[in-house]
Amino acid sequence: MRLKHVLIGLAGLVVVVVGGAAIAIYSIDFNAYRTTVADQVKQATGRDLKIAGDLKVGISLTPTVAVDNVTFANASWGSRPEMATVKRFEAEMELLPLLSGDIRVKRVVLKGADILLETDAKGQGNWTFGQAGAAQPATPSAGGPGKLPVVNKISFEDVTITYKSGVTKKTQTVALQKFSAE
C-alpha cells in the first residue's frame, strides 16, 4: 500500500514538472530573439537580415520555426539592395539527433521568395560573404569539415530565382509556382 502512494506521488511530481516546463516554454516571446538572430547573421555574413514578421516556434520532438517577411541584404556592389526577400519561411527539424550533433531537417518551405544571384564584372558572386582576404572560420576541432545537414523535403511556392552575370551581362530567371523534392 505504501509503494502505491509513493508511485502516485512520483507520477504527480512528473506531471507538475513537465506541465511547468511546457507552460514556461509556451510563454516565451520568440519575437524578442529577432534582433539576436539578425545580429548573428550579420556577424556570420557581413550582411543585414531583417525579420519584419512574427517569429513562431512550435515546440515538440520535431520543432518548427516559421517566420514571415524576411529580407537579406545584397552585396554592396549589387544591382538592388536585397539579395533575397521571403514572404514565409518554415523549417521543421528532428530534435533528438541534435544531441549527437546531427542536423536533420524534416522539411523546408519557402513561399513568396524573390532571390537574386549575381556576379560582378570580375565574376565574384553575391553569395560570397565577408571581406576578401578575411580570415575564414576555423573548422571543427575534429579536424575535418562540419557535417552538412540532412534535408528530407523542400517545397517552394511562388519562388523566383534570377541570375545576373556581371561578366556576360546576361540575365536568366526561373519562376516556380509550386515545386517540391524529397
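1. Order of elements. From the N terminus on, the elements of the protein run α-α-β-β-β-β-β-β-β-β. That comes to two helices and eight strands. The model is a predicted one, and every value below is computed from it.

2. Burial and contacts overall. The protein has 182 residues, of which 24% count as buried. Among contacts with a separation of 6 or more, 52% are made by residues 24 or more positions apart.

3. Largest pocket. The volume of the largest pocket is about 510 Å³. Its lining is made up of 18 residues, and those closest to the centre are Leu49, Val70, Phe72, Val86 and Phe89. Several elements each supply at least two residues of this lining: helix 2 (34-45), strand 1 (49-51), strand 3 (64-73), strand 4 (82-93) and strand 5 (104-118). Strand 3 gives the most, with five residues. By class, the lining has 17 nonpolar residues, one polar residue and no charged residues.

4. Second largest pocket. Here the volume is about 270 Å³. The lining has 16 residues, and Gly46, Arg47, Ala75, Ser76 and Gly130 are the closest to the centre. By class, this lining has four nonpolar, nine polar and three charged residues.

5. Nonpolar core. The largest nonpolar core holds 14 residues, and the members that touch the most others are Val70, Leu110 and Ala113. Strand 1, strand 3, strand 4 and strand 5 each supply at least two residues of this core. Each of these four strands also supplies at least two residues of the lining of the largest pocket.

6. Surroundings of Leu110. What does Leu110 touch once its neighbours within four places in sequence are left aside? Its contacts are Val86, Arg88, Phe89, Ile115, Ser155, Phe156, Glu157 and Val159.

7. Aromatic pairs. A search of the whole structure finds two aromatic pairs. In one of them, Phe72 and Phe129 have ring centres 5.7 Å apart and planes at 80 degrees, so the pair is edge-to-face. Phe72 lies in strand 3 and Phe129 in the loop between strand 5 and strand 6 (150-151), so the pair ties together parts that are 57 residues apart in sequence. The two partners fall in separate burial classes: Phe72 counts as buried at 15% relative accessibility, while Phe129 counts as partly exposed at 37%.

8. Positive phi. Most residues other than glycine have a negative phi. Asn69 is not a glycine, yet has a positive phi of about 55 degrees. Asn69 is found in strand 3 and is partly exposed, with a relative accessible area of 41%. Asp158, likewise not a glycine, also has a positive phi of about 55 degrees. Asp158 lies in strand 7 (residues 154-164) and counts as partly exposed at 47% relative accessibility. These two residues can be checked by eye in the structure above.

9. Pro81. Is Pro81 buried or exposed? At 62% relative accessibility, Pro81 counts as exposed, because the cut-off for that class is over 50%. Pro81 is found in the loop between strand 3 and strand 4. Not counting residues up to four places away in sequence, Pro81 touches Ala73 and Asn74. The C-alpha atoms of Pro81 and Thr71 are separated by 9.6 Å, with the two residues ten apart along the chain.

10. Ile59. The loop between strand 2 (55-58) and strand 3 is the place of Ile59. At 33% relative accessibility, Ile59 counts as partly exposed. Leu95 is 36 residues away from Ile59 along the chain, and their C-alpha atoms are separated by 9.5 Å.

Conventions
Residues are numbered from 1 along each chain as its sequence is written. This is a predicted model: local features need pLDDT of at least 70, side-chain atom pairs count only at pLDDT 80 or more; totals for chains, interfaces and linings use all residues. Side-chain values use heavy atoms; hydrogens and water are left out. On a 1 Å grid over the protein atoms alone, a cavity is a set of points where a 1.4 Å probe fits but cannot get out, and a pocket is an open set with protein on both sides within 12 Å along at least five of seven lines; lining residues have an atom within 4 Å of a point. Grid points are joined across faces, edges and corners, and a volume is the space filled by probe spheres set on the points. Ala, Val, Leu, Ile, Met, Phe, Trp, Tyr, Cys and Pro count as nonpolar, Asp, Glu, Lys and Arg as charged, and the others, Gly among them, as polar. A nonpolar core is a set of buried Ala, Val, Leu, Ile, Met, Phe, Trp, Tyr and Cys residues joined through side-chain atoms within 4.5 Å. Buried means under 20% relative accessible area, exposed over 50%, partly exposed in between (1.4 Å probe, protein chains only). Contact means heavy atoms within 4.5 Å. Rings of Phe, Tyr and Trp (its six-membered ring) pair if their centres lie within 6.5 Å; planes under 30 degrees apart count as stacked, over 60 as edge-to-face and the rest as tilted.
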